[in-house]
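Keep the view open beside you as you read.

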Amino acid sequence: MDSPLSILYLSTAAVAGAAAVFPKVKARLALSRAKHRSLSGHSKMSRVVARMVPFYEFNINDFFGSDGAPADLAKKRQDGFFRLAKLYQERYAKGRQMTAEAATRISDLQFTETYRVPFQYSRLVREHLGNSAFVKSSSGVTVTDVDGNVAYDLTGSYGVNIFGNDFYKECVAGAEKRAHALGPVLGPYHPVITDNVKRLTEISGLDEVSFHMSGTEAVMQAVRLARYHTSRTHLVRFAGSYHGWWGDVQPGVGNPVAPHETYTLADMSERTLHVLKTRRDIACVLVNPLQALHPNVNAPGDAALVDSSRTGNFDRAAYGAWLKALRKVCDHRGIVLIFDEVFVGFRIAYRGAQEYFGVRADMVTYGKSLAGGLPIGVVCGRKELMRRFRDDRPADVCFARGTFNSHPYVMTAMDEFLSRLASPNFRSVYDGLDETWNGRAAQLNDRLAAQDLPVRVSNLSSIWMAHYTEPSRYNWMLQYYLRAEGLALSWVGTGRLIFSLNYTEADFAEVADRFVAAAEKMKQDGWWWRDASLTNKTIRRKMLKEMIAHRFSRR
Ligand SMILES: Cc1ncc(COP(=O)(O)O)c(C=O)c1O
């Protein structure tokens, strides 16, 4: 092997090999550089880290001073906590009992009840500040729970509730009447479907429509079609964005296996554009326009609120420019641009994010509100992308079905929804929407600043989130003070406050008063104490030390 000939042979092979390998290495490097530097930008790493986090919790002795606050302040917090606990016990007596019983058999409820606050505090909070998962009625912008307590509804029903609960009651009642003659006959279509298709193609500006049963399924189908028509494997999603719970769009924490055909890239990044321009395996780019409120960050639930580094910074012009840049590169590279408007569709503008940001997509997914309060997922797309078979290769099909898709009751409810929206009178609801909601957010922020409270809100139109201006380990407590003031949030807490558009100025003024009152009480109870050594960084460092200590104390 060591003859001059064989050495020459080997070195020629090495150079050839390196040359062959180099573009791959370069492409791999470009991909790494296009990832957001946070854990949400590194799906595999985030799953590894998540598996390493050990369970530990604060007992009653260290729960109130876990940030190093002095003993008298910890006592003040404790008194505040148990004052709230007493209020909750009396006010939600029936609902709490029902919730506790139901949670023994409803796994979804066990999950949401456990993940309302950071896990270190969860058990004591569940024991003492548990509230009711059961509501019995809604009216206007309020809901009434099984104990008879009335609260302002800021849950937005996961985003479904855009026009107020009474609007959806009317849609469902109207739908039931119209579908009754046919009943739940599945397979053949209720005639109303033709009107829905007409309206959806007009709203989306796209050629064809397919019906599904949830937003998750609509996204699955859009991505599957993009892969089928481009003969490429990979989808690109952006760090932090939610597209339902299908594995390929949820490659990080929450999914037990790692999908291999998803690239999670940084939102609003030149490096991402470079990857899109240079790789040949990308079938589609999936955009959830809600990310404009917090690019590259997960939907911020209070369970993840371990310090005050969460912020919101919606910049409509900058995000619009980003979408235009994406549009351009997708056109150039034959990549399918999919807008996932399951959340923002029908909320931010009549024609959704396409209209709001002035950018056309190749496919759009809708869901949530579109069927007037009934379950739905829809894909709208360009004709050539929606086709599920090929004329020249009849066995090469792209399969998608679903027992309940095009359900007559859902279709009539969708028609109730869309025909209301078709009326110009009704549609004036979108006039000046941003001004209204930006103005309301600014109003509330002014009041919070004037009262020297370390909370602010950010918003994308009527979708709001709270964030915090001083480092604290206890910001998640705000949701319990808000609840005590009669403001109902969803299980993710202050990371999402969703208003329906029927909130009047008077309703909003009431919510703002209550919000400020809740924050004042929380401040009085000492939760927002800090000394000079407490920063977001020192909080995270302390947590890391706690984790390491617990991990090794186990062994
Ligand atoms: C942008 C987006 N896509 C998809 C989904 C999934 O929709 P569904 O919960 O109906 O499956 C959601 C749900 O919140 C969403 O916000």
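Helix 8 and helix 14 cross with a left-handed sense. In this predicted model, helix 8 covers residues 193–204 and helix 14 covers residues 408–422, and their axes come within 9 Å and cross at roughly 45°. An angle of 65 to 115 degrees would count as roughly perpendicular and one under 35 as roughly parallel, so helix 8 ends up oblique to helix 14. Which residues make the contact? On the helix 8 side look for I193, D195, N196 and R199, and on the helix 14 side for M411, M414, D415, L418 and A422. Sort the residues of this contact by class and you get five nonpolar, one polar and three charged.

The crossing of helix 16 and helix 18 is right-handed. Helix 16 brings R440, Q443, L444, R447 and L448 to the contact, while helix 18 answers with F508, A512, F515, V516 and A519.

Time to zoom out to the domains. The chain splits into domain 1, made of 66–159 and 433–541, and domain 2, made of 165–298 and 313–430. How far apart are the centres of domain 1 and domain 2? Taken over C-alpha atoms, 31 Å separate them. Where the two domains touch, domain 1 puts in 14 residues and domain 2 puts in 13. On the domain 1 side, the elements giving two or more residues are strand 1 (135–139), strand 11 (455–460) and strand 12 (463–468). Strand 11 has the largest share of that side, with three residues. As for class, the side of domain 1 that touches domain 2 has six nonpolar and eight polar residues, and no charged ones.

Last stop: the ligand. What surrounds it? A shell of 14 residues does, and the closest are S214, G215, T216, G244 and V342. Helix 9, which runs over residues 215–230, gives the largest share of this shell, three residues. By class, the shell around the ligand holds five nonpolar residues, eight polar and one charged.

Methods: Residues are numbered from 1 along each chain as its sequence is written. This is a predicted model: local features need pLDDT of at least 70, side-chain atom pairs count only at pLDDT 80 or more; totals for chains, interfaces and linings use all residues. A residue is near a molecule or strand if its C-beta atom, placed from the backbone, lies within 6 Å of it. Helices (H or I, at least four residues) and strands (E, at least two) are DSSP runs, numbered from the N terminus. Ala, Val, Leu, Ile, Met, Phe, Trp, Tyr, Cys and Pro count as nonpolar, Asp, Glu, Lys and Arg as charged, and the others, Gly among them, as polar. A crossing is left-handed if the near helix is turned anticlockwise from the far one by less than a right angle, and right-handed if clockwise. Two residues are in contact if their C-beta atoms, placed from the backbone, lie within 7 Å. Domain bounds come from an automatic or database domain assignment. Axes are lines fitted to C-alpha atoms, for helices over the stretch in contact, and angles run from 0 to 180 degrees between N-to-C directions. Angles under 35 degrees count as roughly parallel, over 145 as roughly antiparallel, 65 to 115 as roughly perpendicular and the rest as oblique.
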